[in-house]
6 protein chains.
Amino acid sequence: MEQIITFGEVLMRISPRGNKKFMQSNIAEFYFGGTELNVGISIANFGGKVKHISVVSNDFIGETALAYIRKFGVSTSSIEFSSRPLGVYFLEVGAVMRPSKISYNRSHSSFSDVEPSMVDWDKALRKGSWFHWTGITPALTQGAFDTLKEGLVLAKEKGITVSADPTYRSGLWKYGKDPKEALKELLQYSNIFIGGINEINEVLGTDYSYSNDDFLKASQQLMETFPSIEKVFDKIRTSLNSSWHKIRARMWNGVEFRESEDLDITHVVDRIGTGDAFAAGLIHGLQKYDDFKAMQFASAACALKHTYEGDVNYANAEEVISIIEGNVSGRFVR
Amino acid sequence: MEQIITFGEVLMRISPRGNKKFMQSNIAEFYFGGTELNVGISIANFGGKVKHISVVSNDFIGETALAYIRKFGVSTSSIEFSSRPLGVYFLEVGAVMRPSKISYNRSHSSFSDVEPSMVDWDKALRKGSWFHWTGITPALTQGAFDTLKEGLVLAKEKGITVSADPTYRSGLWKYGKDPKEALKELLQYSNIFIGGINEINEVLGTDYSYSNDDFLKASQQLMETFPSIEKVFDKIRTSLNSSWHKIRARMWNGVEFRESEDLDITHVVDRIGTGDAFAAGLIHGLQKYDDFKAMQFASAACALKHTYEGDVNYANAEEVISIIEGNVSGRFVR
Amino acid sequence: MEQIITFGEVLMRISPRGNKKFMQSNIAEFYFGGTELNVGISIANFGGKVKHISVVSNDFIGETALAYIRKFGVSTSSIEFSSRPLGVYFLEVGAVMRPSKISYNRSHSSFSDVEPSMVDWDKALRKGSWFHWTGITPALTQGAFDTLKEGLVLAKEKGITVSADPTYRSGLWKYGKDPKEALKELLQYSNIFIGGINEINEVLGTDYSYSNDDFLKASQQLMETFPSIEKVFDKIRTSLNSSWHKIRARMWNGVEFRESEDLDITHVVDRIGTGDAFAAGLIHGLQKYDDFKAMQFASAACALKHTYEGDVNYANAEEVISIIEGNVSGRFVR
Amino acid sequence: MEQIITFGEVLMRISPRGNKKFMQSNIAEFYFGGTELNVGISIANFGGKVKHISVVSNDFIGETALAYIRKFGVSTSSIEFSSRPLGVYFLEVGAVMRPSKISYNRSHSSFSDVEPSMVDWDKALRKGSWFHWTGITPALTQGAFDTLKEGLVLAKEKGITVSADPTYRSGLWKYGKDPKEALKELLQYSNIFIGGINEINEVLGTDYSYSNDDFLKASQQLMETFPSIEKVFDKIRTSLNSSWHKIRARMWNGVEFRESEDLDITHVVDRIGTGDAFAAGLIHGLQKYDDFKAMQFASAACALKHTYEGDVNYANAEEVISIIEGNVSGRFVR
Amino acid sequence: MEQIITFGEVLMRISPRGNKKFMQSNIAEFYFGGTELNVGISIANFGGKVKHISVVSNDFIGETALAYIRKFGVSTSSIEFSSRPLGVYFLEVGAVMRPSKISYNRSHSSFSDVEPSMVDWDKALRKGSWFHWTGITPALTQGAFDTLKEGLVLAKEKGITVSADPTYRSGLWKYGKDPKEALKELLQYSNIFIGGINEINEVLGTDYSYSNDDFLKASQQLMETFPSIEKVFDKIRTSLNSSWHKIRARMWNGVEFRESEDLDITHVVDRIGTGDAFAAGLIHGLQKYDDFKAMQFASAACALKHTYEGDVNYANAEEVISIIEGNVSGRFVR
Amino acid sequence: MEQIITFGEVLMRISPRGNKKFMQSNIAEFYFGGTELNVGISIANFGGKVKHISVVSNDFIGETALAYIRKFGVSTSSIEFSSRPLGVYFLEVGAVMRPSKISYNRSHSSFSDVEPSMVDWDKALRKGSWFHWTGITPALTQGAFDTLKEGLVLAKEKGITVSADPTYRSGLWKYGKDPKEALKELLQYSNIFIGGINEINEVLGTDYSYSNDDFLKASQQLMETFPSIEKVFDKIRTSLNSSWHKIRARMWNGVEFRESEDLDITHVVDRIGTGDAFAAGLIHGLQKYDDFKAMQFASAACALKHTYEGDVNYANAEEVISIIEGNVSGRFVR
């Protein structure tokens with residue numbers, strides 16, 4: 001089986017239990033995550049063979065992170081070590097109208113040390129058939145941008161399929177690079193675009209609306225600008241409040257526009273990493289199904305992720321398929 | 001006061017906290033349960049005098065199970081010991097569209113040792129006025145079937161009222177007995193049938209639909225086939241998803257068809273044992289009220305059970321009555 | 001900055017986790033609270049300078065209570081000690097149609113020791129610009145009533161604004177004083193009335209309905225009876241069940257009747273202290289905004305409180321304002 | 001089998017985990033206990049038939065206490081209810097040179113309500129063969145003293161063996177009765193004296209030293225003063241610090257002075273209730289063995305109790321016997 | 001690097017926290033273990049490349065076990081699945097003179113399904129350079145014995161070094177095979193004997209004492225009887241009580257008798273798996289050091305294991321070496 | 001009352017429960033600490049008025065740190081905010097021969113932002129009578145060194161007593177400054193030296209041994225070199241292993257050499273911050289007692305700290321005095 005390659009920062013997530021604030025307790029739970037790792041682990045849970053590339057701390061926290069990744073069967077053989085500490089984020093989980101809050105401690109993390117010389121891309125991509133990147137990595141440091149770009153160039157050379165989730169997060173991008181230019185540079189090497197109007201407008205400098213019509217036009221303009229891009233998938237979230245969301249998706253693959261039905265998530269357990277679950281579902285789905293079913297798989301995976309604590313999606317492929325088949329009434333599985 | 005007798009396996013339930021999977025934690029909570037025990041404990045919480053008959057392990061887990069049962073004032077004086085381990089089930093609690101999952105470790109449990117010779121039915125039923133059985137017990141082993149049947153024969157002789165909840169679970173019934181024949185054999189000794197279209201179709205080999213009309217016809221055919229059966233009570237669950245259910249009930253007592261209003265359970269805490277809470281509510285209700293109010297009591301008990309963790313219903317009779325009287329807005333009780 | 005003064009019992013709240021009953025666990029979480037302290041802490045969280053006046057136990061529990069209060073920056077310099085134990089309340093948190101239950105252990109608590117001689121009101125009010133009292137304190141003991149009254153008399157002399165939340169709780173008032181007369185005596189010194197039809201009817205002996213028309217008439221009659229009262233604010237709760245509430249408010253300030261929109265609290269985390277959060281929001285709001293915005297601030301504060309565990313509202317002013325501005329979709333704050 | 005009767009307050013014990021102070025956590029664990037109940041439960045764990053007599057609160061805390069007692073098979077049929085709250089004690093567990101600290105909330109507890117009219121001693125003692133009391137009960141209230149005395153008078157009439165553990169705790173005895181006179185009044189009805197030099201000096205007004213010689217003389221003088229007393233048992237604790245104790249015992253039964261070997265408790269888990277475990281061991285032992293072996297059983301039971309969290313001794317008779325037989329190396333039991 | 005192969009049952013260990021009994025809590029912690037797996041994981045933690053061979057359940061518990069094993073980098077590629085449940089053991093951890101108690105639920109576990117046909121030994125041993133077995137596996141079922149034997153025969157053929165820890169546990173061996181004969185049959189294929197006087201006496205039918213002289217003679221007789229055995233290593237535990245042990249070791253390698261110094265374990269954290277840590281230390285040590293240093297490494301590894309919760313030893317090789325070098329004062333590592 | 005001023009980094013400490021490694025759990029407990037803050041809080045617990053000066057993060061973690069500090073009544077009015085994250089340290093607690101391990105994440109923390117311009121020393125020291133510094137602060141950054149030095153210069157001008165705990169930690173000091181020179185520069189402003197042979201040798205470039213004779217000579221040379229230094233106090237720790245320590249102290253005050261008795265800490269609960277507890281005890285003691293009693297107070301405070309979890313000493317002055325008076329047997333305080 002061929003490998004899916006993900007590349008990005010591994011973060012330790014620390015949060016008090018339930019809806020508590022840090023002020024209310026002296027106990028916290030921790031998980032590991034990071035947007036690209038979340039995608040990788042989720043694909044491994046669907047049965048894919050995955051390798052994650054990163055730089056972690058050379059201490060017992062870094063060891064714990066590696067153990068966490070190995071647990072899911074994701075290969076850690078291309079993960080390097082740094083004497084800087086692992087990146088951390090603190091999370092206070094909101095409810096109803098109270099938003100969740102995140103505070104990052106990542107600007108001098110072990111991953112911020114990454115430089116092209118630290119990753120042996122040739123070895124890392126040797127068995128790769130798919131490479132996934134997101135807009136978080138190039139937003140961190142020049143070294144991260146360069147390292148990612150080097151990987152993408154090689155992936156293109158090797159004919160590896162590249163998916164891009166160019167999420168634009170304005171709180172990052174502090175090292176001087178212009179986000180728009182950076183993302184454009186990287187999108188040239190990408191085949192699958194996972195993102196919506198916001199990301200397209202950011203990259204193209206346009207101001208399309210959220211309507212389906214505009215989505216179609218925006219996607220077409222995107223595909224004209226970046227000829228390597230073959231398909232655009234957009235996840236649409238409707239939030240009643242922190243505890244109640246709906247998820248649907250739409251797509252343009254150059255031929256066909258499709259939209260999926262809303263999945264109603266009446267009692268959100270954990271919202272983190274749900275976009276990553278969508279991306280993972282899509283990557284898995286596109287390897288096994290037609291585009292529309294892949295998008296359904298992605299939507300169902302995304303919806304299911306809202307029911308698991310932590311950053312990663314624990315659902316296996318069979319469980320996702322069951323949602324697509326309409327088994328959403330939560331009947332016991334014995 | 002006269003005793004309600006229940007007979008069946010005691011299981012240890014082990015599950016991670018909240019909606020976690022076993023993979024996500026190294027901490028679990030445990031309770032004890034088992035469908036017939038759940039009924040017994042629930043009736044004891046309503047104020048009934050209850051004796052549970054079973055076989056538990058001869059170790060500190062068996063002792064813990066006995067302590068758990070005694071806590072509710074249920075008599076353990078007819079519980080026997082086996083050198084086999086207590087049955088266990090592992091539970092991962094779902095949410096929204098994610099179903100809960102159960103994995104059993106019961107096929108060579110202490111209760112699987114049960115044989116007619118281990119239960120002194122004469123002593124066990126001495127003070128009994130009501131005997132409750134379910135379709136789980138005869139599905140486990142020939143010994144369990146035989147022991148139950150011996151108890152039912154004696155109960156009938158003594159004029160003890162017998163209620164049957166012949167839940168058919170296809171994952172059991174592995175010892176060779178035909179489920180349909182077995183249940184028919186046991187239903188001859190029963191007076192109250194707690195079950196719906198699925199169970200009636202299973203026993204009669206019919207294919208009635210879920211409509212009220214068909215329920216009526218099915219119940220009548222059932223009562224013709226088993227003349228001892230005087231009343232049929234059916235609980236109807238509507239599941240939006242794992243976290244949001246509605247419960248109502250309907251009945252045919254040979255004279256009158258009645259249906260209760262839906263009770264809306266917008267935030268399910270724990271779904272396990274809610275059917276047992278219905279049965280317990282019915283048994284308690286039929287001893288104190290008319291058939292319709294008994295059914296209302298059963299429905300309200302069932303709905304309330306969804307708000308308690310664990311297998312058993314902690315509500316007392318006053319709390320159930322309060323629901324029937326319309327106090328569902330959750331106003332503080334100080 | 002000038003001080004807001006609150007006076008009342010500090011209670012230790014003890015409850016099992018989640019929706020468990022005490023019977024289901026041997027672990028409990030504890031917080032401290034008390035209706036007036038909740039108001040004080042909440043105002044401190046909005047940025048106000050607050051002093052709480054009380055009597056706590058002279059042991060490690062009393063020390064823990066003081067540490068808890070100090071954590072929020074509320075001054076404890078006027079809190080006295082008693083050799084009696086701190087008041088405690090035990091809480092079992094309900095869900096859906098199951099009501100929460102509270103059992104108090106406060107009748108011989110350290111606060112029940114309070115006598116006018118124990119509080120140096122002159123010192124306590126020195127920097128005060130606002131004094132808040134509720135109907136709980138005068139309901140406890142003659143000493144509590146007398147002490148409160150002495151404080152109110154002095155507050156009036158000093159021109160300090162007085163807000164009253166004359167909640168009437170029938171389970172209290174055991175020391176012989178007539179509640180109606182007691183509350184009337186104290187309302188003479190008050191400027192802001194935080195309460196609704198029930199409280200007005202109790203105090204005036206009237207039987208107004210819950211309609212807006214009646215609210216208007218009742219408020220006017222109240223203000224005629226107690227000329228010091230300038231404004232009346234009423235919080236209206238609509239409970240679908242224990243887990244799903246809606247909150248709105250209405251006001252009469254002698255000039256203008258206004259009503260706010262319902263805020264939909266689809267997943268209640270903790271309902272305790274939500275009325276106190278409303279009062280705190282109002283006191284804060286009236287010092288910074290016009291009456292209507294103050295009422296909106298109070299409603300939003302009240303709604304937000306339902307998302308925090310414990311008795312007190314952890315929201316800061318900016319977070320409350322964000323709700324008023326319509327940010328209720330729970331988008332992450334990074 | 002005949003019943004052992006214990007009479008005394010049931011207390012809820014609340015303490016943070018491990019060695020934490022209440023200031024350091026918002027989580028506590030709770031157990032139930034009370035010196036006489038501890039004795040009763042411990043005897044039940046040795047296989048005895050026990051009834052505990054008390055007054056508990058008429059709320060969910062009282063119900064939880066009853067459930068706790070029933071768990072051990074101790075009869076609660078003579079426990080009455082009061083509208084006052086159950087007594088509570090808060091515990092901070094020390095270590096090494098840090099002493100454990102206890103704060104009581106019991107002076108207006110449900111048990112403080114007890115009056116002779118509340119206990120039907122005739123019914124309570126009907127099956128009794130042994131009655132155990134301690135110096136805590138008569139120290140609480142006049143009603144507790146009177147109720148206990150009435151029970152002792154009837155016990156003597158019925159020829160029931162009475163054991164007394166007249167622990168003198170100076171922090172109690174606040175209701176006016178002179179401790180010395182009260183204890184003397186009650187010792188007249190007692191057969192077994194469980195206590196040492198401190199208790200004898202307190203009761204006789206003597207000043208014997210801790211030497212074995214003095215113990216012998218003191219015991220003889222005690223038995224002369226109270227002719228009903230047949231045997232005196234004294235537990236001797238040597239504390240290196242909070243975490244390391246040694247236990248031995250000595251006795252005088254009118255004929256023979258014996259002393260047991262020190263049992264070395266190198267890692268104390270929980271020191272509460274270890275004296276009660278000694279008393280329970282003695283009561284059990286005296287019914288089955290000679291006086292010396294009974295004392296050994298008591299010492300071993302006491303030592304074992306230091307290894308269980310909570311107030312009660314979970315060891316069964318077989319486990320205690322194993323210690324007497326020298327199995328103290330902690331070899332696994334599989 | 002070449003692989004160390006371990007073969008044996010994977011058990012889920014479930015125990016309450018600290019020194020609690022199951023009766024005292026409804027919370028448990030769980031780990032996975034099993035004597036051979038413990039050895040394998042421990043060697044992986046020393047840096048070895050390890051593959052574990054077993055049969056686990058085909059459910060979420062089996063998946064969790066696999067994730068646990070993968071966490072340590074141990075290969076699970078030769079682990080098979082069974083529809084039977086994973087074996088479980090329940091543990092109550094003792095203290096001081098209270099022994100720990102274990103109750104097993106393994107007699108019909110997934111591993112009890114194992115048959116030679118389920119293990120592809122040729123594939124499993126392909127990269128193997130060392131094979132470790134214990135006396136637990138052949139004691140379980142005929143299938144386990146046969147499968148193990150088949151593996152040993154092949155290992156011998158391939159010139160793989162075989163270590164044997166023929167622990168004799170009398171509570172097992174229920175399937176009819178004579179333990180002595182079985183162990184003899186298997187020892188023929190073994191090169192390193194990890195065990196002491198008890199095991200040698202069991203196998204040879206001798207009655208050597210624990211003296212060093214007898215150890216020497218016993219080892220020599222063992223090596224005469226089983227010519228493949230080249231070295232005998234014996235771990236000696238001195239238990240003051242459950243909480244305080246000392247560990248030393250001795251060896252005979254045909255040339256030299258050596259004994260190591262006692263390591264004083266004054267505060268035992270977890271005693272389970274300490275023998276496995278010794279075996280793992282030895283296997284690792286014999287590959288890197290001379291026999292005496294290997295034995296020192298094994299003793300230090302064993303001692304360190306007493307400081308980790310769970311079945312497995314988390315120490316890495318550097319940490320073990322540090323103990324051998326005398327760093328036992330517990331100075332911080334920053 | 002006059003203020004004690006402390007200045008230094010506030011760190012969040014995160015560690016798994018008990019002796020677990022991060023790999024073994026997904027739950028951690030957190031406290032706040034930092035060597036100078038620990039001293040400040042400990043003095044506040046002795047009844048002193050304390051102000052801590054620092055820079056914390058401008059997020060919910062910084063807020064939580066402030067709340068933590070306020071809890072103890074320590075003034076936070078001179079604490080500033082930075083947009084960098086709060087420093088964190090991860091801790092794995094060892095046992096017996098296993099050392100505890102610490103991993104820091106502090107090199108780009110909010111405190112690393114500190115510059116002289118951020119601290120208004122004039123305001124900060126206004127009410128100060130004592131200033132305490134340690135060798136950690138100047139080891140962090142040039143800004144921290146400069147800020148500290150500015151404070152010391154002003155303290156000297158104002159005649160404030162300065163105590164120095166010039167702990168030398170070689171893992172720090174990465175910004176270029178020579179540790180020896182830096183410490184010398186700062187010691188000029190100091191009156192009380194808290195440290196031993198290691199620190200003196202480091203500062204003077206000498207190689208005194210640990211003998212009392214050498215301690216005397218070293219102290220004298222130190223006092224000659226730094227004429228402002230009046231007294232030298234040295235804490236001596238003897239570690240059997242991670243779980244068992246002994247503490248004593250010695251002093252030279254220019255007139256008198258004294259040494260205290262060993263305090264035996266047989267069961268260490270938490271070793272972190274014990275040196276800080278010594279310093280705090282000394283500062284408190286020197287303000288109330290003669291030098292020898294101050295040293296005894298410091299030793300007892302240090303010993304007691306080993307019994308509290310977390311970084312700070314919770315003991316009050318009365319509890320420390322009780323240890324000096326010989327009450328080390330851990331008798332209950334009720």
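In which strand of chain C is C:Leu263 found? The points below take up this residue and then other parts of the model, which is a predicted one.

1. C:Leu263 belongs to strand S15 of chain C, which spans residues 263-265. The residue counts as buried because 23 other C-beta atoms lie within 10 Å, the threshold being 20 or more. Leaving aside residues up to four places away in sequence, its contacts are C:Lys246, C:Ile247, C:Arg248, C:Ser299, C:Ala300 and C:Ala303, together with A:Met97 from chain A. C:His245 is 18 residues from C:Leu263 in sequence, and the C-alpha atoms of the two are 8.5 Å apart in space.

2. **Extent of the contact between chains A and F.** Chain A contributes 25 residues to this contact, and chain F contributes 25 residues as well. On the side of chain A that touches chain F, at least two residues come from each of strand S3 (27-33), helix H2 (60-71), strand S7 (87-92) and strand S8 (101-105) of chain A. Sorted by class, that side of chain A holds 13 nonpolar residues, six polar residues and six charged residues.

3. **Strand pairing across the A and F contact.** S3(A) pairs with strand S3 (residues 27-33) of chain F; the sense is antiparallel and there are three bridges. Within this pairing, F:Ile27 of S3(F) is the residue opposite A:Glu29.

4. **Symmetry of chains A and F.** Chain A is superposed on chain F by a rotation of 180 degrees with 0.0 Å of shift along its axis, at an RMSD of 0.0 Å. This is the relation of a two-fold axis. Both copies use the same surface, since 100% of the contact residues of chain A recur in chain F. The residue of chain A that comes closest to the rotation axis is A:Ala28, with its C-alpha at 2.6 Å.

5. **The contact between chains E and A.** Here four residues of chain E meet four residues of chain A. On the side of chain E that touches chain A, one residue is nonpolar, one is polar and two are charged.

6. Eight strands form an open sheet with mixed pairing, in the order S8(B)-S7(B)-S2(B)-S3(B)-S3(E)-S2(E)-S7(E)-S8(E). Its edges are strand S8 (101-105) of chain B and strand S8 (101-105) of chain E, each of which pairs on one side only. With direction ignored, neighbouring strands are turned by 30 degrees against each other on average. Five bridges join strand S7 (residues 87-92) of chain E to S8(E) in the antiparallel sense. E:Phe90 has E:Ser103 in S8(E) as its bridge partner.

7. **Strand S2 of chain F.** Strand S2 (residues 11-16) of chain F is mostly covered, with six of its six residues buried. In a regular strand the side chains alternate between the two faces of the sheet. In S2(F) both faces are covered: F:Leu11, F:Arg13 and F:Ser15 are buried on one side, and F:Met12, F:Ile14 and F:Pro16 on the other. S2(F) runs antiparallel to S3(F), to which six bridges join it, and F:Ile14 stands opposite F:Phe30 of S3(F). S2(F) also pairs with strand S7 (residues 87-92) of chain F, in the parallel sense and over four bridges. In that pairing, F:Gly87 of S7(F) is opposite F:Leu11.

8. **Helix H6 of chain A.** Which residues of helix H6 (residues 197-204) of chain A are buried? They are A:Glu199, A:Ile200 and A:Val203. Viewed down the axis of H6(A), the buried residues fall within an arc of 100 degrees and therefore line one face of the helix. The cover over the buried residues of H6(A) includes helix H5 (179-187) and helix H7 (212-225) of chain A. A:Gly205 follows H6(A) and has a positive phi, near 70 degrees.

Technical notes. Residues are numbered from 1 along each chain as its sequence is written. Chains are lettered from A and ligands numbered from 1 in the order in which they are written. This is a predicted model: local features need pLDDT of at least 70, side-chain atom pairs count only at pLDDT 80 or more; totals for chains, interfaces and linings use all residues. Two residues are in contact if their C-beta atoms, placed from the backbone, lie within 7 Å. Ala, Val, Leu, Ile, Met, Phe, Trp, Tyr, Cys and Pro count as nonpolar, Asp, Glu, Lys and Arg as charged, and the others, Gly among them, as polar. Two strands pair if DSSP finds at least two bridges between them. Copies are superposed by least squares on the C-alpha atoms of residues with pLDDT of at least 70 in both. Axes are lines fitted to C-alpha atoms, for helices over the stretch in contact, and angles run from 0 to 180 degrees between N-to-C directions. A residue is buried if 20 or more other C-beta atoms lie within 10 Å of its own, exposed if 12 or fewer, and partly exposed in between; C-beta atoms are placed from the backbone. The arc is that of the directions from the helix axis to the C-beta atoms.
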